[in-house]
There are 2 protein chains.
Amino acid sequence: MSLLTVGSVAFDALETPFGKTDKIIGGAATYITLSASYFSTKNNLVAVVGDDFPQEMIGLLQEHGVDTEGLQIKQGEKTFFWSGKYHNDMNSRDTVEVQLNVMAKFNPVIPDSYQDCQYLMLGNTAPAIQQMVLERITKRPKLVMLDTMNFWMDIAMDDLKSVLKMVDVLTINDEEARILSGDYSLRRAAKTVMAMGPKTLIIKKGEHGALLFQGDQVFFCPALPLEDVFDPTGAGDTFAGGFIGYLASTDDISFENMKRAIVYGSAMASFCVEKFGSERIVGLTQEEITARVQEFVQLAHFQI
Amino acid sequence: MSLLTVGSVAFDALETPFGKTDKIIGGAATYITLSASYFSTKNNLVAVVGDDFPQEMIGLLQEHGVDTEGLQIKQGEKTFFWSGKYHNDMNSRDTVEVQLNVMAKFNPVIPDSYQDCQYLMLGNTAPAIQQMVLERITKRPKLVMLDTMNFWMDIAMDDLKSVLKMVDVLTINDEEARILSGDYSLRRAAKTVMAMGPKTLIIKKGEHGALLFQGDQVFFCPALPLEDVFDPTGAGDTFAGGFIGYLASTDDISFENMKRAIVYGSAMASFCVEKFGSERIVGLTQEEITARVQEFVQLAHFQI
């Protein structure tokens, strides 16, 4: 089934305890589509870049089967840029610089050929833009998933609550679940957040795994304990891309299949953190992914 | 198979965001033996209390099948007392007061009838006392498990390293694993700690679950996401008691059975935090435990 991803394609500059990068390709939609490309055969992208964005990076997305008809290239303008620095524990980071550039006026145009998408992933951008996308899609997709962050809860909570009413799956981290619900207990927070709209909630806990909530059901997928976490940038988006890519490829949105999708998403995220930026999720083989998923089976399974 | 637990039996006074207690029964060995009593049929206890320790509390242990021949009652002396206050997130606490009392001169005497124990649990006390117990047991048990804490790493690291060479299973939390190994990555920390002696290492992560390491194998058991965590006191000891009690009852120390034991230990810990002190792990039914373990199956299992 076809998947449409809307979000940022950007330049990042990163510093971790292991080193630093110059400008490398980044952005939520980049990680999501690259990750989803290993599962979903029809990957459509709506995003915007400036004319400084290298053609070979667009070629890289295309090599991964991503349809870039919806990628707007703004002549005379610059691509969104973010730079950040991770603390020693890799669990927290500071934003060093943000240049919104083309993202400041992002007007998501949905090509006609994308209108039949059955799975829609709204990557982290302003909630008003996410809602605009939903209003511009003529036929409601089978599943709409939205990612957001604490920044929007601080400056655009009303917009966020408005778009939350229109989505099926929400992904946020544990801190954001607590902010959004006003409740420290994640179990109670999940109830509160699901009452805002999304029937399914994924709470990402980074190195501590991810929780999947739907009604009274709850599933937990651990993160793979790795010897080295090199760079966490994009891990959440890679996770989301693996999750929705797996759902789109199997076209099964049952809770049991969402459990599998969480495991595939977690496996993709475990690759992502092994190298800088998106380096490790470019050119993965199906054999590597299958072997990694088996590590999750070994990690989590027991017989009672 | 018979289980011997050596450790503290104490009074605690607790304050959490939900309320506070007067002196209630506490101590590592109390939680361990109560928890293990639901699995192991022969539970022996070596500990020391003062003459202020209520007879009905000893009766409570006996009602749970705990043999108290090894519980020394020191006339004219007072029981070990600890009081602590939890922060709002329940993940950290301050020690308000410690009165070592009888624990200051704890001389663990092993009754002859305990010498045949096949499973030995060394609850958190001074490493020198833990080693003394091992030297006083004439026949090496089939499995020796040790719990310790950062306090001993600060003031008695050499003693701790000495006793670690003599044990099979070590339980510590994630912070302690990082201190003991000097490594932030838990995967690498586990290798370093296992090279110190214990072939099996359990790293407890509180609300984030527990990791079991043995050689190159790793297993993860989540904590049950609860609506309310009322009081975390004793959860780690209750976990350890469930773990070793299950191993003793099945007399199977394979890695596969240790996985099951971790799940049973986690189930017992999930009860413990639901009420103050040991209140919730007194008088549990097998039906409650079986149902709780099934919640862990639901939480963790997926089919690939």
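This is a predicted model: local features need pLDDT of at least 70, side-chain atom pairs count only at pLDDT 80 or more; totals for chains, interfaces and linings use all residues.

Trainee: With which residue does A:Lys204 form a salt bridge?

Mentor: Side chains of opposite charge can pair when their charged atoms come close. A salt bridge is a side-chain nitrogen of Lys or Arg within 4 Å of a carboxyl oxygen of Asp or Glu. Here A:Lys204 pairs with A:Asp147, the closest N and O atoms being 3.2 Å apart.

Mentor: Residues are numbered from 1 along each chain as its sequence is written, chains are lettered from A and ligands numbered from 1 in the order in which they are written, and side-chain values use heavy atoms, with hydrogens and water left out.

Trainee: Does A:Lys204 count as buried or exposed?

Mentor: Buried means under 20% relative accessible area, exposed over 50%, and partly exposed in between (1.4 Å probe, protein chains only). A:Lys204 counts as buried because its relative accessibility is 16%, and A:Asp147 is buried at 6%.

Trainee: Which side chains in chain B meet in a salt bridge at 3.9 Å, N to O?

Mentor: Those of B:Glu15 and B:Lys20. B:Glu15 is partly exposed at 26%, whereas B:Lys20 is exposed at 62%.

Trainee: How many residues does each chain give to the contact between chain B and chain A?

Mentor: Contact means heavy atoms within 4.5 Å. Chain B gives 34 residues and chain A gives 34 residues. Buried area is the accessible area (1.4 Å probe) that two parts lose on being put together, summed over both. For these chains the value is about 3,400 Å², with 55% of it on carbon and sulfur atoms. B:Glu227, B:Phe302 and B:Ile304 supply 20% of the area that chain B buries against chain A, more than any other three residues.

Trainee: How many salt bridges cross the interface of chain B and chain A?

Mentor: Six are found by the rule. B:Arg188 forms a salt bridge with A:Asp228, with the closest N and O atoms 2.3 Å apart.
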